[in-house]
Amino acid sequence: SVLFLEELSSPPFLEARRIRVEVSLWSLLTRSFFIKKILLEDPLIRIPRAGPLFPLSPEGKKPEGAASESPQDLPVVVRSIVVKNGHLIYEGSGPVSTLEISGLTGTVNPDLFMRRFDLNFTAGRSILRSRNLLFQVTHLLGKGEVRPDRLEIKKLEATFPDGTIYTNGILEIPKGGGVPSIALFARTSLPLESFEWRPPFDQPLFGRADLQFEIKGLINKPTLRGKGVFSRLKVGQATVGNLSADFFYREVRLSLTSLSGDLLSGKLTGEGEIAFPSVRYRASLRIDRIDPRPLLGLFPSRFRLPGGLWGGEFNIEGEGNVLASLRGQGNLRFDGPRDGSPVVGASFPPPDAPANDASFWKKLLGLMETGEVQWGLNEGSLKIDRAKIRLPQSSLTVHGTASLVSLSLNLTLQSAEVRELVAPWNFPLEGEAQFSGTLSGDPVRPDASGELRLLRARLKHHPLGDVSLPFRYAAGTLTVKRGSIQHDKGSYRVSGKV
């Protein structure tokens with residue numbers, strides 16, 4: 001055998017239908033045995049799990065059985081190894097669990113010292129499995145050079161049924177020992193379905209990923225720089241759009257810059273950073289005229305959103321999925337639909353809440369025409385510095401704080417005509433309205449208090465006059481104290497509970 005293995009395996013490492021060895025006449029004149037060519041036809045090669053051939057020790061010492069410096073000292077010198085229609089199999093427990101290459105044809109040309117090996121090969125259908133990923137290759141093409149302290153990939157190209165991967169680069173092992181270094185360039189174009197990855201909302205992700213990047217530095221602390229383009233993105237049946245970004249990775253920190261995309265009929269730009277393993281992140285994002293309706297049904301959220309176009313700026317940072325670590329600030333703008341589109345999205349309040357609660361919020365959100373919110377986040381609590389929402393012939397301003405467990409909001413409403421505001425509930429009220437009050441407590445069923453004033457009010461087209469109703473709503477009970485009605489025929493006091 002001309003290959004030295006750490007241990008033999010069963011079944012045998014190499015089987016072949018035909019092996020042809022051409023011996024050189026130089027073998028008669030020297031102490032070495034010169035082989036001009038070894039031809040392997042239809043070989044079956046099994047790579048043992050014991051490790052690579054001729055491994056280097058951590059100290060960089062030559063392994064036992066490695067070639068010496070002079071060809072005169074070599075018992076065997078091989079000038080060329082030719083493989084025709086080979087089959088290679090590897091099964092392991094590391095990052096690559098399965099590698100199977102068929103139709104392998106190529107040459108290995110060693111130098112006289114058996115220390116440098118030039119490789120050229122092609123292959124047909126092949127399979128590579130790495131953890132949960134499965135890649136089926138239709139064609140492989142490779143050129144390279146192997147030395148004891150250096151592996152150079154001059155060209156390695158893999159063709160898939162719907163994509164390609166191309167790479168070249170160098171892996172160097174220090175002669176005196178130490179950590180190997182790498183300089184690798186790669187380019188890939190693959191469908192996202194190849195990665196068998198699902199977003200958190202459990203819907204398949206479709207589209208295409210085109211990546212180009214370089215890896216440099218020590219192999220245990222590499223730096224990575226490149227660009228990614230994700231096109232024709234879909235989540236389930238929802239069309240998302242296109243997204244691109246430059247990325248840089250060094251010392252467990254991934255940075256995204258020049259992030260831009262045409263998403264959900266609008267624009268997205270920004271940048272971000274993620275630090276591992278704690279998954280600390282920060283992001284600065286800007287959106288313009290995004291229509292989230294195609295995605296709203298995919299999220300297991302408690303909240304509904306009105307249909308329309310959204311824009312704004314977001315600066316957030318946090319750690320993992322810990323809500324209390326969220327901090328940030330920004331603004332959000334909303335422009336309601338012009339086509340009368342209904343409110344869409346997941347349920348708010350939760351599905352187990354009474355149906356009339358969900359209907360109330362759906363109707364309320366459906367009244368929104370435009371809105372703008374200045375907001376801040378601190379330890380997962382939302383602070384609304386100022387929100388101004390336009391409703392039919394009305395405007396609403398809001399400020400205060402909100403979280404998933406509590407509300408404390410101050411509201412002011414000015415309405416030139418209240419008729420359209422109450423129309424979704426089939427309440428026949430007309431007139432000018434003013435409201436000042438608060439929302440507090442549970443965000444699903446909040447308490448409310450304040451004063452509602454109606455000017456020149458009419459109920460079922462009958463005049464009511466001017467109405468003032470100080471009220472409090474809590475635990476399903478509406479309480480009015482010292483309310484008044486000023487009518488042409490007299491004045492009235494109103495108090496009571498419902």
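**Hairpins, a charged patch and salt bridges**

Biologist: Which residue stands opposite Leu-478 in E32?

Modeller: In this predicted model, Tyr-473 is the residue that stands opposite Leu-478 in strand E32.

Biologist: And how many bridges join E31 to E32, and which way do they run?

Modeller: Strand E31, which covers residues 462–474, runs antiparallel to E32 and is joined to it by 7 bridges. The two strands form a hairpin with 2 residues between them, and Ala-475, which sits in that turn, has a positive phi of about 50°.

Biologist: Okay, on to charge. Which residues gather in the patch of positive charge on the surface?

Modeller: The patch is made by Lys-481, Arg-482, Arg-493 and Lys-497.

Biologist: Where is Arg-493, and is it buried or exposed?

Modeller: Arg-493 has its place in strand E33, and it counts as exposed because its relative accessible area is 72%, while the cut-off for that word is over 50%.

Biologist: New topic: how many salt bridges does a search of the whole structure find?

Modeller: The search finds 25 salt bridges. One of the pairs is Asp-246 with Lys-227, where the closest N and O atoms are 3.5 Å apart. Asp-246 lies in strand E17 (residues 238–250) and Lys-227 in strand E16 (residues 221–235), so this pair ties together parts that are 19 residues apart in sequence.

Biologist: What relative accessible area does Asp-246 have, and how does Lys-227 count at its own relative accessibility?

Modeller: Asp-246 has a relative accessible area of 24% and is therefore partly exposed, and Lys-227, at 38%, counts as partly exposed.

Biologist: Which side chain meets Arg-327 in a salt bridge?

Modeller: That is Glu-317, and the N to O distance in this salt bridge is 2.8 Å. The pair links distant parts of the chain, with Arg-327 in strand E23 (residues 327–335) and Glu-317 in strand E22 (residues 309–319), 10 residues apart. Arg-327 is partly exposed, with a relative accessible area of 30%, and Glu-317 is partly exposed with 34%.

Biologist: And what about Glu-451, which side chain does that one meet?

Modeller: Glu-451 meets the side chain of Arg-453 in a salt bridge of 3.2 Å, N to O. Glu-451 is partly exposed at a relative accessible area of 29%, and Arg-453 counts as partly exposed at 38% relative accessibility.

Biologist: Which residues are linked in a network of salt bridges?

Modeller: Arg-17, Arg-18, Glu-41 and Asp-42 are linked in such a network.

Biologist: Last one, then: where does Leu-296 lie, and is it buried or exposed?

Modeller: Leu-296 lies in helix H1, which spans residues 293–296. With a relative accessible area of 12%, Leu-296 is buried, because that word applies under 20%.

Biologist: How many residues separate Leu-296 and Ala-238 in sequence, and what is the distance in space?

Modeller: Leu-296 and Ala-238 are 58 residues apart in sequence, and the distance between them in space, taken from C-alpha to C-alpha, is 9.6 Å.

Definitions and conventions: Residues are numbered from 1 along each chain as its sequence is written. This is a predicted model: local features need pLDDT of at least 70, side-chain atom pairs count only at pLDDT 80 or more; totals for chains, interfaces and linings use all residues. Side-chain values use heavy atoms; hydrogens and water are left out. Patches are made of residues with over 30% relative accessible area and no salt bridge: like charges are joined within 9 Å, nonpolar side chains (Val, Leu, Ile, Met, Phe, Trp, Tyr) within 5 Å. Accessible areas come from the Shrake-Rupley method with a 1.4 Å probe; for residues, only the protein chains shown count as cover. A salt bridge is a side-chain nitrogen of Lys or Arg within 4 Å of a carboxyl oxygen of Asp or Glu. Lys and Arg count as positive and Asp and Glu as negative; His and the chain ends are not counted. The place of a charge is taken as NZ of Lys, CZ of Arg, CG of Asp or CD of Glu. Helices (H or I, at least four residues) and strands (E, at least two) are DSSP runs, numbered from the N terminus. Buried means under 20% relative accessible area, exposed over 50%, partly exposed in between (1.4 Å probe, protein chains only). Two strands pair if DSSP finds at least two bridges between them.
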